[in-house]
Amino acid sequence: MRHTREHGGARALPHRTTKTSAPHHEDQRGAPSVPPAYAPGIQSTRHMFLLSRRKCRMRRRCSADSDPPDYGDEIFASGHPAQMDRLRALAAVCDPVTKASLSEWALPPGARCLEIGAGAGTVALWLAGRCTGGEVTATDTDIRFMAGLQHPALRVLQHDVRTQGFPEETFDLIVARSVLCHLPEREAVLARMVSWLRPGGRLHVEDPSFFPAASSADPVVRRLGGAVIATLAGTLGSDVDGWARSFPAPLLGLGLAEVGMRVHCPTLTSKNAAGTAWRLSVAELLPVMDRLGVLPEADTVEALAHLEHPEFADVAHAMIGMWGVRPAGRPGERRHGVDQTG
Ligand SMILES: C[S@@+](CC[C@H](N)C(=O)[O-])C[C@H]1O[C@@H](n2cnc3c(N)ncnc32)[C@H](O)[C@@H]1O
């Protein structure tokens, strides 16, 4: 695997790069390096809560008089000791469905693939194994969680999709999972991603929508779902409600062909990966929810205990995937119809 860090401003190209193993955020902000082990000592909700509160005191980037934070600053901070566990839990929930969707499409020999916001890189690594004679570029603003990945066809690139680009018509496949929902400029980014596809290339986007929480019979889940939606919207400008629920319209609007979609609603329990991902996410958001007045700290602690109850089981969010193929000609010419749904 090659690690690459990109310098320069908007639309800088990835090939003007230098190799590095040091994460960008360490250089810029002095954030702590990745702890040697993520899991030990992070078992209890109480411990998670204390770590979150300490982290929150370290950074006050959500206050009304400062710039809005980016993903990975205070919200889902890369230096948080549970971040790798959270990314791994998310991957364990989503990977089987993502891989099933991507497996339905044969990659051309020598395919060039791109995964945006690859996180722990589980999908990119899997794609590298399917990409005979080709290459997978796995990007993220913080690449520390891909440091251990090894594959000759995998290239890891530090890259901010909001401000940096790729040459037009570069990739046969572009994947972005649980990334666009967190970017306020998601529609503009999506349009740029389409321009990086070769004609005949495929775009695959997945994002969560928390609409199932609103109809839960469990008042704790209803309240927690609403609090998370409001907190992420009010800080990062995320949309974990309506954006994915609008799929596949964004791809139809950009003129893609063979547009399809798939919905997966994971069951949350106290023991499974979806439950772990929710508990870790909520524990990280706790101090911010409290400070914004969205959900008092005591209520969140109680809700976390509720999610840990051995009999707890519910559906709190849906992962909604959409895909489409860039036709020959200019992107953006509107075509009609959904050819395929899953
Ligand atoms: C919820 S995680 C999803 C990780 C992975 N895609 C998955 O589904 O397992 C969101 C990822 O997007 C990355 N990210 C956030 N903003 C980004 C940006 N502007 N450019 C590239 N990556 C970004 C984060 O660092 C994080 O790794």
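1. In this predicted model, helix 7 covers residues 219-235, 17 residues in total, and reaches 24 Å from its first C-alpha to its last, close to the 24 Å expected at 1.5 Å a residue, where the expected span is 1.5 Å times one less than the number of residues. Helices (H or I, at least four residues) and strands (E, at least two) are DSSP runs, numbered from the N terminus.

2. Residues are numbered from 1 along each chain as its sequence is written. Local features need pLDDT of at least 70, side-chain atom pairs count only at pLDDT 80 or more, and totals for chains, interfaces and linings use all residues.

3. Among the buried residues of helix 7 are Leu 224, Val 228 and Leu 232; a residue is buried if 20 or more other C-beta atoms, placed from the backbone, lie within 10 Å of its own. The buried residues of this helix pack against helix 6 (211-214), helix 10, helix 11 (297-307) and strand 10 (313-315).

4. Leaving aside residues up to four places away in sequence, Val 282 touches Leu 224, Val 228, Thr 300, Ala 303 and Leu 304, a contact being two C-beta atoms, placed from the backbone, within 7 Å.

5. Just after helix 7, Gly 237 has a positive phi of about 80°.

6. Some caution is needed about confidence, which pLDDT gives for each residue from 0 to 100. The protein averages a pLDDT of 82, and 77% of the residues score at least 70, but pLDDT stays under 50 over residues 5-65. Where pLDDT is low, the predicted coordinates should not be read in detail.

Technical notes:
pLDDT is the predictor's confidence in each residue, from 0 to 100. A residue is buried if 20 or more other C-beta atoms lie within 10 Å of its own, exposed if 12 or fewer, and partly exposed in between; C-beta atoms are placed from the backbone.
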